[in-house]
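Have a look at the sequence and the model below before reading on.

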Amino acid sequence: MKEILMSIQPQWVDLIMSKKKVLEIRKTFPSRQTEPFKVYIYCTKAEPILKRKREFGKEYILNGRVVGEFTCAGCVTFDVPYPAYQSEMNGEIIEKSCVSYMELHNYLGRRQGKGWVIEDVVEYDEPKMIEEVCGWSAAPMSWGFIREK
């Protein structure tokens, strides 16, 4: 099974962990990927700072760490219509991704969107350093394959 490390901004990480966001929007999806695969969630260092309290009151900062994983069950490909026709936008994409029409339009422009279907979210009790998960020294800009060991 292929594994991927994905960089996700803190506000989206929070929504994924709370299971409100079940579709992650990207410009690309792995080609020829047909079976479900594991995606490790790297919380970027951007604002806001995310913190979680654990047993015995220990507090962890999630930013800059691998904080969990999910199974990507597939991809939903979609178009974002020109603003004058935004009422034609598939409302399910907006609802499941927690991303507004204008955010989608600004991010994708005229490109097709790729909605990564999120299932089986697991939040780690203790966030991990990126090196522990994949041996990399830096996170990918969007996502990258982890070499099979």
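Predicted model: local features only at pLDDT ≥ 70, side-chain atom pairs only at ≥ 80, totals over all residues.

Residues are numbered from 1 along each chain as its sequence is written, and side-chain values use heavy atoms, with hydrogens and water left out.

Let's start with the sheet. Helices (H or I, at least four residues) and strands (E, at least two) are DSSP runs, numbered from the N terminus. Six strands make an open sheet with mixed pairing, in the order E2-E7-E6-E3-E1-E8. At its edges sit E2 (23-26) and E8 (143-146), each pairing on one side only; to count as paired, two strands need at least two DSSP bridges between them. On average, neighbouring strands are turned by 40 degrees against each other, direction ignored. Angles here run from 0 to 180 degrees between N-to-C directions, using axes fitted to C-alpha atoms, for helices over the stretch in contact.

E6 (residues 65-78) and E7 (residues 113-128) run antiparallel and are joined by nine bridges. E2 also pairs with E7 in the antiparallel sense, over four bridges. Here are some facing residues:

|---|---|
| Phe78 | Gly113 |

Helix H3 (residues 101-108) packs on the sheet and touches E2, E6 and E7, contact being heavy atoms within 4.5 Å. The direction of H3 makes about 35 degrees with that of E2.

Now for helix H1 (residues 10-17). Its buried residues are Pro10, Trp12, Val13, Ile16 and Met17, where buried means under 20% relative accessible area, exposed over 50% and partly exposed in between (1.4 Å probe, protein chains only). They fall within an arc of 160 degrees seen down the axis, so they line one face of H1. The arc is taken from the directions from the helix axis to the C-beta atoms. Just after H1, Lys19 has a positive phi of about 65 degrees.

Finally, the cores. A nonpolar core is a set of buried Ala, Val, Leu, Ile, Met, Phe, Trp, Tyr and Cys residues joined through side-chain atoms within 4.5 Å. The largest has 31 residues, of which Val13, Val39, Ile41, Phe78, Leu104 and Trp116 touch the most other members. Elements giving two or more residues to this core include H1, E2, H3 and E7. Apart from it lies another core, of nine residues, including Leu5, Tyr40, Tyr42 and Ile146.
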